[in-house]
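Hi there,

Here is the structure I promised to pass on. My notes on its pocket, surface patch and salt bridges follow below.

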Amino acid sequence: MTSPWIASLIAIFVWWFATGAILVAVRRADRLGTHGMTTVMGLPLLALGVWAVAVSLSDASVAGAYIGFLGALAIWGWIELAFLAGVITGPQREACPPGLSGRDRFFRAFQTVAYHELALTMGLWGLVIASDGAENRIAMATYLVLFLARISAKLNLFYGVPRINLEFVPDRLSHLKSYFRRGPVTLAFPAAITILTALLAVCAERLWTAGSDVTVVGFALLTAIAGLALLEHWLMVVPLPDAKLWRWMLPAQKTMPKEERQ
């Protein structure tokens, strides 16, 4: 478990499996109309994440690195579940009016995800406070990478990218599609790629120069997550069938989606 390759594979598998599990839960909630219940039933995941992070803060061992990493993902995962289930979103739940542009479009789009952004920010702030002076800060670092990547992805979907996967957008968030823009990339894309590439390079350099097993594992986990975040952005441009990673494991929708990534 101290090999950087094993740690990286664990990070990739957990990311893939957790994403699929959340999509399955949300798809089921769409079919049965149990969005609120699905979110409530996911609360043990949040509690487990908080407990894992608390345990990891004073544990500067390889096990502590894994526990902190998984704890941060559990907290993040529950917030994402609550968002995709349409429980924690924003005050605006209507589609974007035709012709709306500029500042008005931006603020209306922000209102569709305002509560979600607040929840993510509160999670980050809580981890920053809890990790102050802690021996193990892998949970905070993991959450921070996810946070930066998610904000960047949302901005690029808003300003415009050539490829947008709409088939996994849940029923209760269907209005968000009207705020996405499919088209040529804007300055937001090279800015995001530059930031995420720099973040990946820093994590990889720290991994290369790591002097202990716990440092190796910690930065291997962070390098894998940063690499996945960078890949996620490139898939907004490069035509690869990434949706197949999860489509096979999902129950059928009530109606077939009309819009898919092209």
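Helices here are DSSP runs of H or I with at least four residues, and strands are E runs of at least two, numbered from the N terminus. This is a predicted model, so please keep in mind that local features need pLDDT of at least 70, side-chain atom pairs count only at pLDDT 80 or more, and totals for chains, interfaces and linings use all residues. Residues are numbered from 1 along each chain as its sequence is written, and side-chain values use heavy atoms, with hydrogens and water left out.

First, the pocket. On a 1 Å grid over the protein atoms alone, a pocket is an open set of points where a 1.4 Å probe fits, with protein on both sides within 12 Å along at least five of seven lines; lining residues have an atom within 4 Å of a point. The second largest pocket has a volume of about 460 Å³, taken as the space filled by probe spheres set on the points, which are joined across faces, edges and corners. Its lining has 21 residues, with Arg 137, Ile 138, Ala 141, Phe 219 and Leu 222 nearest the centre. Helices α6 (138-159), α7 (188-208) and α8 (213-234) each supply at least two lining residues. By class, 14 are nonpolar, three polar and four charged (nonpolar: Ala, Val, Leu, Ile, Met, Phe, Trp, Tyr, Cys and Pro; charged: Asp, Glu, Lys and Arg; polar: the others, Gly among them).

Next, the surface. Phe 106, Phe 107, Phe 110, Leu 155 and Tyr 159 form a nonpolar patch with about 450 Å² of accessible area together (Shrake-Rupley, 1.4 Å probe; patch residues have over 30% relative accessible area and no salt bridge, with nonpolar side chains joined within 5 Å). Both α5 (102-131) and α6 give two or more residues to the patch, and α5 gives the most, with three. Tyr 159, in α6, counts as partly exposed because its relative accessibility is 34% (buried is under 20%, exposed over 50%, partly exposed in between).

Finally, there are three salt bridges (a Lys or Arg side-chain nitrogen within 4 Å of an Asp or Glu carboxyl oxygen):

- Glu 80 and Arg 150 meet at 2.2 Å, linking α4 (residues 62-84) to α6 across 70 residues. Glu 80 is buried, at 8%.
- Lys 154 and Glu 117 also meet at 2.2 Å, linking α6 and α5, 37 residues apart. Glu 117 is buried, at 10%.
- Arg 206 and Glu 205 meet at 3.7 Å. Arg 206 is partly exposed at 43%, as is Glu 205 at 41%.

Best wishes

Note on methods
Patch = residues over 30% accessible without salt bridge, like charges linked within 9 Å, V, L, I, M, F, W, Y side chains within 5 Å. Buried < 20%, exposed > 50% of the residue type's maximum accessible area, 1.4 Å probe, protein only.
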